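Subject: Handover of a structure

Hello,

I am passing the structure on to you. Please look through it first; my notes follow below.

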Amino acid sequence: MEGQTGMLTILYGASVLLMILVPVILAAGLRRISSAPWLLFGIGSGTFVLSQVVHLPLNQWLADLGLLPGTVAADVPIVQTALIAGLTAGLCEELARAGGYALLRKLRPAWMRLQDAVMLGLGHGGIESMIFGGVLTAATVSSLLPLIGADLGGFGLTPDQRTNLQAQLDSLAANPWNSAYPLLERLIAISAHVVFSLMVWKAFTGAGLRRNWFYIPLAILYHAGVDFAAVYGMQYLKDQTLLFELSFVGMLVPGYVWAAYQIRLARKSVALADPISDTAPQSSIRSELAVYRTAVGKELVQLWRTKRILVTGAVFLVFGMGSPLIAKAIPDIFKSVEGMEQFAALIPVPSAVDAMDQYLKNLSQFGFLLAVLLAMGTVAGEKEHGVAPMILSKPMPRWAFIAGKFTAQSVMYLACFVLSGAGAWYYTSILFGPLEPAAYLLVNVLLLIWMLTFVALAVLGSTLGKTTVSAGGIGIILSVILMLSGSIPRFGILFPQGLLAWAGQAAHTAAGQAASAVSTALAGQVFVNGGALASAVVLIVISLILSVGFFEQQEL
Amino acid sequence: MSLSPRRTENRTPPAAPDSPETAAIFCRGLSKQYGEVRALDGLDLAVPRGSVFGFLGRNGAGKTTTMRLLAGLAFPSAGRAWIDGMETTSANRLARSRFGYLPQSPAFYNWMTAREYLDYVGRIQEISPDARRRQIDELLELSGLKEASRRKVGGFSGGMLQRLGIAQALIGNPPVLLLDEPTSSLDPAGRYEVLEMITRISGSRTVFFSSHILNDIERVCDSLAVLHKGRLLLVSGVEALLAQYPVDAVELELDPAGGEMESGAAAAFTAALRDIPWVASVKTEGRLIRVMVKNVPDGKRGLLPLIAKLGLTVNRYEWIRPSLEDIFLQMSS
């Protein structure tokens, strides 16, 4: 059973990671063959998020009216569901896209080329793949995996609910390779978004909206049609996933053919208008990666020479060693303070659980501040000081400049967590007994990833800020928003703050007070929060893409 | 000290190229708009390969904007630019290995030594370790920073920073150097060192050198362009430009032993000159007096008798052509 769960974890983990990274890889590929700016990936992501701000409440409202399945009407005919859900998706997403193009045409007419439309489509479909694919798959699978083989009787479920849950678990365990289907579906969806993006783009180019306006309703109808077919076809091809995905592709074939024709037309016109750029050689990916490694090396040396690694390492070591010591000493501290002696008896005998709680509390309270303070000047400082123009007039890609800084900081925090982890491990073992190694490792990994989300946000703030001070301000505001996001009703658990609760569970397991999946679920908590982990990775990826996107547009 | 500095060597500028492939630097309709301000207005320029090209203009003329556009650090509102045949306004990374760039105020990582900084730049250019070591040694020697190569850059003087700036621009042996006002913030000794260095590194390499200091341009450049309020006023060989202007000025150097400066005779002489109809202007700088004349034969006939009449002791009396400064002021006014 454990072997099967491990296999499923690896395969679904890989699938989730690919759903997050493939859009970025595709965009990077597009960048290699064209000059579409990275910022358009961010703008495409923005149009998706904005469309969902309208789309989700709209669907909820329609459900409240009984037009879509929900609490008011559970048995809505599938044709009606498919039709309405398809239309709302098409309307919201294509109109948001059209709004994006209208703004672009006004503010950046140079970004109305075909490659820009493809980048916008990749951004729109990419973030959808990351959130609806990566985060939701991770959240669902991670909450189901610990229940495989568990006795579902203790959950207090109705017989129907228990049957449904069991069916889901059986389906999950039936074939590990099913993990590839969500990824395949997302890849097809991304390609669909590129086609839709090109259709809406077409409305704004050439003779312009006056003559080409019909491409917008066409895109809405095509989008709605594809979604309709997907929802409607699901009932017939429920058990034949591959066939279902292929029929999805079949619906898109006319769009692919039309898009290929548009690409051919655009390439021809560019070659005619600009034969010089068309033949200019481009740098190889190997060369860019070599420069990225150079940038990482320089950043690491800088962190060492400016003593940041030493100071941060010392702080982490103090947190690591100090946490079990404080946990052990608290009753004695109470006893030693005059007038507080009576409270000492109320405090339970400290244990490894208290040491772990203290460890988590210390690192989570100060970690984000450290991350922001150390990263706030990383880009802004070099712009302010004037070194950035010197370096960026050399063949240093701007992405390598940003990614080098994030990577070096990640390596620094990894080293710091090794120090703090070793310190806490040593003193907890001495004072309270040994910790469970795998769970303890998980605690530190989760804390590290949680902290890296703040580093990524601080790097974004540092890119946006003109000075180190303004960069710090932006970094702190973004960090506070991120922390508050954990309190959003229903969805808060899917944000990176959810990692702390998971790390808390793992810390208790490490300290020998393991909770079961069932008891955790009954307590209303998540035993393994893959959704939060995936959303942290998404946030890091998007923050870095936005950093590179904005940085590419900045004059130095 | 002379009001009319001479270049160490007379150089004939190469013929003007007519395409991005043949020019060292080629700009077509290069423009930059900052809000309401048009910092650069349709610059069309072709810099010949191998030239030392002066880019002249007053403060705010658009020189630095042009440099930043060429270096890919700013983005044009319109137009394009190429260096050594590769477009630098298209964000193509490879184009950035075709030139070395020195900004007006070069800044470095203060925690690095000069050698480390040059090594970092060499690594970015993906130069092999052996070639990198060799180039760094040569450049430290050339820039006179060999002794200071293991000192932290944070403690360098302004002149040392400029020389390190030129050295870093030369890493990778780029065919074109973009130097943005490399001497403007330096004291006379620093200026001398940097100009000497520029003279030494020119040759087969193209040096595009912006400045508002005309003496520097006249001293090291063979060609020049004059930019004024974002517009290109003129492109010419330095010698050809000077040759267009007749010899219509005379330079006098008073002998300090004569005591004219103290006695007021020099002041009386300049006052008398200003009243003469054939005198266009009079400029004094210490013991040097420069007289621009409207009518050269009248000047040649009248000036010496006036000197004799006032009993001035003169070390030097020389008819000269106008300096670039005179021409530039005339053009940009």
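How many residues of domain 1 of chain A are in contact with domain 2 of chain A? There are 25 of them, and they touch 26 residues of domain 2 of chain A, where two residues are in contact if their C-beta atoms, placed from the backbone, lie within 7 Å.

Before the rest, some conventions. This is a predicted model, in which local features need pLDDT of at least 70 and side-chain atom pairs count only at pLDDT 80 or more, while totals for chains, interfaces and linings use all residues. Residues are numbered from 1 along each chain as its sequence is written, and chains are lettered from A and ligands numbered from 1 in the order in which they are written.

Domains of chain A

Domain 1 of chain A covers 2-278 and domain 2 covers 285-553; such bounds come from an automatic or database domain assignment. Their C-alpha centres are 32 Å apart. On the side of domain 1 that touches domain 2, the elements giving two or more residues are helix H1 (2-33), helix H2 (39-64) and helix H4 (114-144) of chain A. Helices (H or I, at least four residues) and strands (E, at least two) are DSSP runs, numbered from the N terminus. H4(A) gives the most to that side, with nine residues. By class, this side of domain 1 of chain A has 18 nonpolar, six polar and one charged residue. Here Ala, Val, Leu, Ile, Met, Phe, Trp, Tyr, Cys and Pro count as nonpolar, Asp, Glu, Lys and Arg as charged, and the others, Gly among them, as polar.

Contact between the chains

Chain B puts 29 residues in contact with 28 residues of chain A. Strand S5 (86-87) and helix H2 (114-124) of chain B are the elements that give two or more residues to the chain B side, and H2(B) gives the most, with four. That side of chain B holds 18 nonpolar, six polar and five charged residues.

Nonpolar cores

The largest nonpolar core has 236 residues, of which Val455(A), Ile25(B), Leu178(B) and Phe208(B) touch the most other members. A nonpolar core is a set of buried Ala, Val, Leu, Ile, Met, Phe, Trp, Tyr and Cys residues joined through C-beta atoms within 7 Å; buried means that 20 or more other C-beta atoms lie within 10 Å of the residue's own. Helix H18 (residues 437-464) of chain A gives the most to this core, with 15 residues. Apart from this core lies another, of nine residues, among them Leu252(B) and Ile289(B). Leaving aside neighbours within four places in sequence, the contacts of Phe208(B) include Ile25(B), Phe55(B) and Leu178(B).

Strands of chain B

An open sheet of four strands in chain B has the order S2-S1-S4-S5, with antiparallel pairing; two strands pair if DSSP finds at least two bridges between them. Its edge strands are S2 (37-47) and S5 of chain B. Strand S1 (residues 25-34) of chain B pairs with S2(B) over seven bridges, and Leu30(B) has Leu43(B) as its bridge partner in S2(B).

Strand S9 (residues 223-228) of chain B has five of its six residues buried, so it is largely enclosed by the rest of the structure. S9(B) runs parallel to strand S3 (residues 52-56) of chain B, with four bridges, and Phe55(B) stands opposite Ala225(B). S9(B) is also joined to strand S10 (residues 231-237) of chain B, antiparallel, by six bridges. In the hairpin of S9(B) and S10(B), two residues lie between the strands, and Lys229(B) takes a positive phi near 50°.

Regards

Conventions
A residue is buried if 20 or more other C-beta atoms lie within 10 Å of its own, exposed if 12 or fewer, and partly exposed in between; C-beta atoms are placed from the backbone.
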